[in-house]
Amino acid sequence: MRVSVIGDSHIAALSRAYEHLRAEGGWLDGIEISFGGASAREWKSGSFIDHGDRVEFTAERFRKLFGASSLRQGKAGKHIVGLDMFYHSAPVWRSRQWLDHVPMGMAGNRLSSNVIEQIILDDQEVNLKLVAALRRMGMRLFAIEAPRPFMTHLAITRGGLKPEVVAAVDSLYRNTIRTALDGLAVPTLTLPPGCFDASGFMKPNYKSETAGDQHHANLMFGMEMLQRMIPFLLEHFARKA
C-alpha cells in the first residue's frame, strides 16, 4: 500500500516519526508513506481549476504533491492520499473577536452556532472544494487531525483569550470540518484520546521542543498518530488496495 501524506507544517511530526519507526523496526512492512507539504496560505490560495471531468493544478508545488499536472475522472489510480491541513483551527479561535464574543451555551455576548459554523467553513472553503473535486475524480483520501491548542499559546497567556472560549471554538471547528469531510466520504484519522486533557487542550508533554513554537506537536505525538494510522489504513483501504 502506497500512501502520500501531504498538508501544512503539521506533517513534520509525522514525517519524523515515520523515519524513527522505520529505523527502529516498528513500522509495518507493506505500507510505504511519502510526505510533502505546503504552507497553510498556499493550501487556501486555490492552486487548482475544477474542469468538471478534470482537476488541473496551476502551481508547480501542487503538481509535485499530487504527482501530476492534472487528474481525470476515473484515472486517479489506487494511490491513497492523507490530508493534514483541515484541522488547524487557530486561524479562527485566535481571532480577537473572541475577546468580546462567545459560542452559544456560554455566558457573554453569544454568537450563534450557525454563524460560527459558517466562519469555519469559509476558512476551509478552498480546501473543501479541492477535496470534493478530487473525490469526484475517484481519488482515495483521508484526513489527519492536527493537534488541539496548547494552553501555553500566547493568545491565551498574553492575548487575553479565555481558555474555555478557545476550547469551545476549537471543538466547534473540528466537529464542523469532520461533518463536512464525512459528507464527502473522507474519513478522519483522529487524535489519540490520551494526548489531550478534560479541558480540551493538548497535554504539555506533546508540545514541540522548538523555542517559540505555539502550535506544533513533537515526535511522541507523531509516533502515536502513526501507530493509529496502521489499523486505520487497513480498515478503510486494505480491501480496495
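These legends accompany close-up views of a predicted model.

**View 1. Helix α1 and its buried residues.** Helix α1 runs over residues 11–23, which makes 13 residues, and from its first C-alpha to its last it reaches 18 Å, close to the 18 Å expected at 1.5 Å a residue. Its buried residues are Ile11, Ala13, Leu14, Ala17, Tyr18 and Leu21. Seen down the axis of α1, these buried residues fall within an arc of 150°, so they line one face of the helix. The elements that cover the buried residues of α1 include the strands β1 (2–7), β2 (32–37), β6 (80–84) and β9 (140–144), together with helix α9 (219–237). Just after α1 comes glycine 25, whose phi is positive, at about 75°.

**View 2. The crossing of helices α5 and α8.** Two packed helices are described by the angle between their axes and the distance between the axes. Here the axes of α5 (residues 113–123) and α8 (residues 163–183) come within 10 Å and cross at roughly 65°, and the crossing in which α5 passes α8 is right-handed. On the α5 side the contact is made by Ile116, Glu117, Ile120, Leu121 and Asp123, which meet Leu172, Tyr173, Thr176, Ile177 and Ala180 in α8. Sorted by class, this contact of α5 with α8 has 7 nonpolar, 1 polar and 2 charged residues.

**View 3. Glutamate 117 in helix α5.** Glutamate 117, one of the α5 residues that meet α8, has a relative accessibility of 32% and therefore counts as partly exposed, since that class lies between the limits of 20% and 50%. Although glutamate 117 and asparagine 175 are 58 residues apart along the chain, their C-alpha atoms are separated by 9.3 Å.

**View 4. Alanine 185 in the loop between α8 and β10.** Alanine 185 has a phi near 60°, which is a positive value in a residue other than glycine.

**View 5. Aspartate 100 in the loop between α4 and β7.** From C-alpha to C-alpha, aspartate 100 and isoleucine 31 are 48 Å apart in space, while in sequence they are 69 residues apart.

Terms used
Residues are numbered from 1 along each chain as its sequence is written. This is a predicted model: local features need pLDDT of at least 70, side-chain atom pairs count only at pLDDT 80 or more; totals for chains, interfaces and linings use all residues. Side-chain values use heavy atoms; hydrogens and water are left out. Helices (H or I, at least four residues) and strands (E, at least two) are DSSP runs, numbered from the N terminus. The expected span of a helix is 1.5 Å times one less than its number of residues. Buried means under 20% relative accessible area, exposed over 50%, partly exposed in between (1.4 Å probe, protein chains only). The arc is that of the directions from the helix axis to the C-beta atoms. Contact means heavy atoms within 4.5 Å. Axes are lines fitted to C-alpha atoms, for helices over the stretch in contact, and angles run from 0 to 180 degrees between N-to-C directions. A crossing is left-handed if the near helix is turned anticlockwise from the far one by less than a right angle, and right-handed if clockwise. Ala, Val, Leu, Ile, Met, Phe, Trp, Tyr, Cys and Pro count as nonpolar, Asp, Glu, Lys and Arg as charged, and the others, Gly among them, as polar.
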